[in-house]
Amino acid sequence: MPGGARRQKKPFEYALDDNWPYAVMDDYRPAQAVQAIARALAEAMERQKVSANVLAARAGINRQVIANVLAGKTWPDVLTVVSLETALGEMLWPQHLDWPTGKNGVAQQPIPPLGRQGAE
């Protein structure tokens, strides 16, 4: 399987609490990146007041794919992310190389501001 055994788990299963996509995550960076994409997607849709149905039509992808990305149930591929970015006119891919390092020296996704934690 591409990505090895760690891809058998869904991205949301790497969350350390039930607050996806604002959860504190374990140090598995691919899951952190997918969480950041899901959060950016949700916030862009909210800002632009666009539904999953409308976005799916604009992006040329299935609405269920959008729902699965938002819920952390899938590992979105490059085609999906780029199609969504194009339809929204916004970048969704996180600047993960700039993330701060934790106590263990591993880059960790920044915790969102308090006002955004738990927002849906």
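This is a predicted model: local features need pLDDT of at least 70, side-chain atom pairs count only at pLDDT 80 or more; totals for chains, interfaces and linings use all residues.
Mentor: Let's start with a rule: a salt bridge is a side-chain nitrogen of Lys or Arg within 4 Å of a carboxyl oxygen of Asp or Glu.

Trainee: What makes Arg47 and Glu90 a salt bridge?

Mentor: The closest N and O atoms of Arg47 and Glu90 are 2.4 Å apart. The cut-off is 4 Å, so the pair qualifies. The two ends come from distant parts of the chain: Arg47 sits in helix α1 (residues 29–48), Glu90 in the segment after α4 (78–88), and 43 residues separate them.

Trainee: Why is Arg47 called exposed?

Mentor: Arg47 has 51% relative accessibility, and exposed means over 50%, so the label holds.

Trainee: And what is Glu90 called, and why?

Mentor: Glu90 comes out at 21%. Buried would need under 20% and exposed over 50%, so Glu90 is partly exposed.

Trainee: Zooming out, which elements does the chain have?

Mentor: There are 4 helices and 0 strands, so the order from the N terminus is simply α-α-α-α. Of the 120 residues, 38% are buried. The accessible surface is about 7,000 Å², and carbon and sulfur atoms hold 55% of it. As for contacts with a separation of 6 or more, 55% join residues 24 or more positions apart.

Trainee: How do you know that the length of α1 agrees with what its residues should span?

Mentor: α1 has 20 residues, and at 1.5 Å a residue they should span 28 Å. The end C-alpha atoms are 28 Å apart, so the two values agree.

Trainee: Which residues of α1 are buried?

Mentor: Quite a list, including Ala31, Gln32, Val34, Ile37, Arg39, Leu41 and Met45. The buried residues of α1 pack against α2, α3 and α4.

Trainee: Gln32 is on that list. Why is Gln32 called buried?

Mentor: Gln32 has 1% relative accessibility, and the cut-off is under 20%, so Gln32 is buried. A polar atom of its side chain lies 2.8 Å from the backbone oxygen of Asp26.

Trainee: What makes Asn62 a cap for α3?

Mentor: A side-chain oxygen of Asn62 lies 2.6 Å from the backbone nitrogen of Gln64, at the N-terminal end of α3.

Trainee: Where does Ile61 lie, and why is Ile61 called buried?

Mentor: Ile61 is in the loop between α2 (52–59) and α3 (63–71). Its relative accessibility is 17%, and buried means under 20%, so Ile61 counts as buried. Leaving out residues up to four places away in sequence, Ile61 touches Ala56, Ile66, Thr80, Ser83 and Leu84. Leu79 is 18 residues from Ile61 along the chain, and their C-alpha atoms are 9.7 Å apart.

Trainee: Which residues have the most contacts inside the largest nonpolar core?

Mentor: Leu41, Met45, Leu55, Ile66, Leu84, Leu88 and Leu92, in a core of 17 residues. The elements giving two or more residues to this core are α1, α2, α3 and α4.

Methods
Residues are numbered from 1 along each chain as its sequence is written. Side-chain values use heavy atoms; hydrogens and water are left out. Buried means under 20% relative accessible area, exposed over 50%, partly exposed in between (1.4 Å probe, protein chains only). Contact means heavy atoms within 4.5 Å. Accessible areas come from the Shrake-Rupley method with a 1.4 Å probe; for residues, only the protein chains shown count as cover. A nonpolar core is a set of buried Ala, Val, Leu, Ile, Met, Phe, Trp, Tyr and Cys residues joined through side-chain atoms within 4.5 Å. A polar contact is a pair of N or O atoms within 3.5 Å; within protein, one must be able to donate a hydrogen and the other to accept it, and residues adjacent in sequence count only if both atoms are side-chain atoms. The expected span of a helix is 1.5 Å times one less than its number of residues.
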